[in-house]
Amino acid sequence: MQIQSVSIEDYISKIPEERQKAFKKLFDTVNDNLPKGFEEATNYGMIGWVVPLATFPAGYHCAPGTPLPFINLASQKNFIALYHMGLYSKPELLDWFVAEYPKHSKKKLDMGKSCIRFKKVEDIPFELLAELSKKMTPDDWIGIYESQYKR
């Protein structure tokens, strides 16, 4: 389920009311803890953070001329999702997150390759996600991206 929006505020206003407060808190948690250099964006029917073209002119190889995506948040039909490309591409970061998760939540981790799903807003481990958000700088992400995608 994609939410078509023109801004982050517009996106959040279209989320079901019972999720809006937690979603906004999750947005603020990530935004307040990301290293400098990422920019907020609306893309792919989600909101998130990218490495801007001014920093990485090559941009995203799947969509030439667009910034390199890093983290996205989405309100899906049955859950809130956080997509973190660092978890997908850096095994030691994924291992750290999987090991830390049980220390912050009694719920089983519901995760895909880069997607962490939260079916209930009260189960979102904000402190852990704040810590995760601090773990990679734009330069770290560019280095990983370039090493895994040879142009």
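Two strands count as paired if DSSP finds at least two bridges between them. The legends below describe close-up views of a predicted model.

View A. In the predicted model, 5 strands form an open sheet in the order β1-β2-β3-β4-β5, with antiparallel pairing. The edge strands, each pairing on one side only, are β1 (39-43) and β5 (115-118). On average, neighbouring strands of this sheet are turned by 20° against each other, direction ignored.

**View B. The hairpin of β1 and β2.** Strands β1 and β2 run antiparallel and are joined by 5 bridges. N43 has M46 as its bridge partner in β2. The two strands, β1 and β2, form a hairpin with 2 residues between them. In the turn of this hairpin, Y44 has a positive phi of about 55°.

**View C. Strand β2 and its two faces.** β2 is mostly covered, as 6 of its 6 residues are buried. M46, G48 and V50 point one way from β2, whereas I47, W49 and V51 point the other way, and all are buried. On its β3 side, β2 is joined to that strand by 5 bridges, and the two run antiparallel. Within this pairing, V51 stands opposite L68 in β3.

**View D. Strands β3 and β4.** Strand β3 (residues 68-75) and strand β4 (residues 80-84) run antiparallel, with 5 bridges joining them. L73 stands opposite L82 in β4. L82 also belongs to the contacts of L129, once the neighbours of L129 within four places in sequence are left aside.

**View E. Helix α6 against the sheet.** Helix α6 (residues 138-148) packs on the sheet, where it touches β2 (46-51) and β3. The direction of α6 makes about 105° with that of β3. P138, W141, I142, I144 and Y145 are the buried residues of α6. These residues lie on the same side of α6, because they cover an arc of only 165° around the axis. The buried residues of α6 pack against β2, β3 and α3 (85-89).

**View F. The nonpolar core around L129.** The largest nonpolar core has 41 residues, and those with the most contacts inside it are L26, F97 and L129. Leaving aside neighbours within four places in sequence, L129 is in contact with L26, T29, L82, F97, I116, F118 and I124. In soluble globular proteins, nonpolar side chains tend to be buried together.

**View G. T29 in helix α2.** T29 is found in helix α2 (residues 17-33). With a relative accessibility of 11%, T29 counts as buried, because the limit for that class is under 20%. Apart from neighbours within four places in sequence, T29 is in contact with F126, L129 and A130.

**View H. The cysteines C62 and C115.** A search of the whole structure finds 0 disulfides. The sulfur of C62 lies 18 Å from the closest cysteine sulfur, that of C115, and is therefore too far away for a bond; the cut-off for a disulfide is 2.5 Å between the sulfur atoms. C115 is likewise in no disulfide, the nearest cysteine sulfur being that of C62. C62 counts as exposed at 52% relative accessibility, whereas C115 is buried, with a relative accessible area of 8%.

Note on methods
Residues numbered from 1 in each chain as written. Predicted model: local features only at pLDDT ≥ 70, side-chain atom pairs only at ≥ 80, totals over all residues. Heavy atoms only, no water. Core = buried A, V, L, I, M, F, W, Y, C linked by side-chain atoms within 4.5 Å. Buried < 20%, exposed > 50% of the residue type's maximum accessible area, 1.4 Å probe, protein only. Contact = heavy atoms within 4.5 Å. Helix = DSSP H or I, 4+ residues; strand = E, 2+ residues; numbered from the N terminus. Axes fitted to C-alpha atoms, helices over the stretch in contact; angles between N-to-C directions. Arc of directions from axis to C-beta.
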